Amino acid sequence: MRVLGIDPGTSVTGWGVVTRSGSSFRHIASGALELGSTRSLGERLGEIRSAVVELCRVHGPTALALEKAFVAHNVQSAFRLGEARGAVLIAAADAGVAVFEYAPAQVKSTVVGYGRADKRQIMRGVALRLGTSLAERADEADALALALCHLIGWRLRALGVAGRRRGAAL
């Protein structure tokens, strides 16, 4: 399974592609889409959509992991996050890639072991899981963490289903 993680934002959108290789994870590619703030919001959202469609074309993910919308302290930031998420959702639909959404605390808990981990801890957790210090930006690390969260959760869900099937057969 190959997963594209997206950390949406209207100034910077992080992305990362991770695959599972046996019992470990492998980094395929990652980066950050620098959108700036001088262009119109519509132009930036269009660029997010185009970039995600292209990432799906190039990397062929079987799933896209996306951060759920949340309101922290600033309602305007939440609106902007929602708009960036919308561009990603449309792009995933255009590319035919299934989207799975995760709350920030769930991603942190799954990847780092602590639901209130800070950016530095996430970057370190991602580096440890992938066996290298790949992410230079927090946005990129967050996107890789989303992809890892999906892969870890997918494996746990598969084990849970397998366990129920074995139990039912007895």
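Strand β2 (12-21) and helix α1 each supply at least two residues of the lining of the largest cavity. In this predicted model, α1 gives the most to that lining, with four residues.

**The cavity**
- The count comes to one cavity of 30 Å³ or more.
- About 30 Å³ of space lies in the largest cavity.
- Its lining consists of Ile 6, Thr 13, Trp 15, Leu 33, Ile 48, Ala 51, Val 52 and Leu 55.

**Arg 44 in helix α1**
- Arg 44 belongs to helix α1, which covers residues 41-59.
- Although Arg 44 is buried, it has no salt bridge; the nearest side chain of opposite charge, that of Glu 43, is 6.9 Å away.
- The side chain of Arg 44 does reach the backbone oxygen of Thr 10, at 3.2 Å.
- Apart from neighbours within four places in sequence, Arg 44 is in contact with Thr 10, Leu 35, Gly 36, Ser 37 and Arg 39.

**Ala 29 in strand β3**
- Ala 29 is part of strand β3, which spans residues 24-34.
- Ala 29 counts as buried because its relative accessibility is 15%, and the cut-off for buried is under 20%.
- Ala 29 and Gly 16 are 13 residues apart along the chain, and their C-alpha atoms are separated by 5.8 Å.
- Gly 16 is also among the contacts of Ala 29. Leaving aside neighbours within four places in sequence, these contacts are Trp 15, Gly 16, Val 17, His 59 and Leu 144.
- Trp 15, one of the contacts of Ala 29, is also one of the residues lining the largest cavity.

Key
Residues numbered from 1 in each chain as written. Predicted model: local features only at pLDDT ≥ 70, side-chain atom pairs only at ≥ 80, totals over all residues. Heavy atoms only, no water. Buried < 20%, exposed > 50% of the residue type's maximum accessible area, 1.4 Å probe, protein only. Lys, Arg positive; Asp, Glu negative; His and termini not counted. Salt bridge = Lys/Arg side-chain N within 4 Å of Asp/Glu carboxyl O. Polar contact = N/O pair within 3.5 Å; in protein donor to acceptor, adjacent residues only side chain to side chain. Contact = heavy atoms within 4.5 Å. 1 Å grid on protein atoms, 1.4 Å probe; cavity = no way out; pocket = protein on both sides within 12 Å on 5 of 7 lines; lining within 4 Å. Points joined across faces, edges and corners; volume = space filled by probe spheres on them.
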